Amino acid sequence: MKQVHVREILPGDAPHWESLRKRIRRITGDKADITSRTHTLLLHPDFWLEALDEQHRYGFHLRAFHAAWKLGAEPPDNQTDRSFFDWLDHGAGQELDLPDCSYRDLKSTRVEYCDPIERQQYEVEFIADPSDNGDVRLRFKTTHTAVHTDDLNKWIFVLERLYIARKRKGRFHHSSFLAGEPVAAAGKIVVQHGQIHAIEPHSGHFKPTLTHLLFLCHVLAKHGVALDTIEFVKPKKWRDEWPFANCEVVVADDGDVAKSDTDESS
């Protein structure tokens, strides 16, 4: 394995390293807060490079170049003291084309990371529709237009506040909404004229589990959404128990989402 020799940190490097430390704190969250919130989802380590990269190039591509850097696949240039990003942007990494990704592809795919102002356009609120028996529907908070996902694209969401947007591979992912910061739930969603039709708790960037799915159900029920009208789609790589196969999801008295044990039928 390649040995990386780290050069001495010079005074001029301080702003760079402080910026890097801030990005690390954002994606790992506040440790004290995380221990008290079991539903918190951290960005999966596979995509930390994407979040730490100042240009936020697509994590899948960055991982390929990072693997090449670790294995010493770059042409020798006597620059063994280079950090990964220094090697990638100013060293031999610029000359490397990998089977799965060329350097040109890497440079052309930058994932949008929203700041607090930019993410407002994706924020969704719950509104009771008096013309439809008070059914709760979703609308975008800034435009007051009903959320409506089309059939030609995948639409994704994260829960901190609820944010929904169209997925654009290599451009806009679950990590985009909160700039890589922790979320409470994430997945794919289908909404027709404000009404949630389907939810799939799948996200490569956050990899939600049963805990996060049940917390999402709790939040939806708390806002008056009828869970029995939603089709919950089991992801192909789901490893936890699936709570919707033989039982219903109910809101327990203590406010947590629990499985009903009253229906044992198949």
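**Figure 1. Overview of the protein chain.** Of the 266 residues in the protein chain, 43% are buried (under 20% relative accessible area; exposed means over 50%, partly exposed in between; 1.4 Å probe, protein chains only). This is a predicted model: local features need pLDDT of at least 70, side-chain atom pairs count only at pLDDT 80 or more, and totals for chains, interfaces and linings use all residues. Residues are numbered from 1 along each chain as its sequence is written, and side-chain values use heavy atoms, with hydrogens and water left out. The chain has eight helices and nine strands (DSSP runs numbered from the N terminus: helices are H or I with at least four residues, strands are E with at least two). Among contacts with a separation of 6 or more, 57% join residues 24 or more positions apart (contact: heavy atoms within 4.5 Å). The chain exposes about 15,300 Å², and carbon and sulfur atoms supply 50% of that area (Shrake-Rupley method, 1.4 Å probe; for residues, only the protein chains shown count as cover).

**Figure 2. The largest nonpolar core.** This core has 30 residues (buried Ala, Val, Leu, Ile, Met, Phe, Trp, Tyr and Cys residues joined through side-chain atoms within 4.5 Å). L138, I164, I196, I199 and L220 touch the most other members. At least two core residues come from each of β1 (124-129), β2 (135-140), β3 (155-159), β4 (162-166), β5 (185-192), β6 (195-200) and α8 (210-222). The largest share, seven residues, comes from α8. Beyond its neighbours within four places in sequence, L220 contacts F126, I196, I199, V225, L227 and I230. Another core, of 20 residues, lies apart from this one; Y58, Y122, A186 and F206 are among its members. In soluble globular proteins, nonpolar side chains tend to be buried together.

**Figure 3. An open five-stranded sheet.** The strand order is β4-β3-β5-β6-β7, with mixed pairing (two strands pair if DSSP finds at least two bridges between them). β4 and β7 (231-232) stand at the edges with a single partner strand each, so one side of each has no neighbour in the sheet. α8 lies across β3, β5, β6 and β7, and runs at about 85° to β3 (axes are lines fitted to C-alpha atoms, for helices over the stretch in contact; angles run from 0 to 180 degrees between N-to-C directions).

Figure 4. Five of the five residues of β3 are buried. W155, F157 and L159 point one way from the strand, while I156 and V158 point the other way. In a regular strand the side chains alternate between the two faces of the sheet. β3 pairs with β4 in the antiparallel sense over five bridges. W155 stands opposite R166 in β4. A hairpin of two residues joins the strands β3 and β4.

Figure 5. Six of the eight residues of β5 are buried, so the strand is largely enclosed by the rest of the structure. β3 and β5 pair in the antiparallel sense over four bridges. F157 has G187 as its bridge partner, and I156 has K188. β5 and β6 are also antiparallel, over five bridges. Here the partner of V190 is A198. Two residues separate the strands in the hairpin of β5 and β6, where H193 takes a positive phi near 50°.

**Figure 6. Two buried cysteines.** C101 counts as buried at 2% relative accessibility. C114 is buried, with a relative accessible area of 2%. The structure holds zero disulfides (cysteine sulfur pairs within 2.5 Å).
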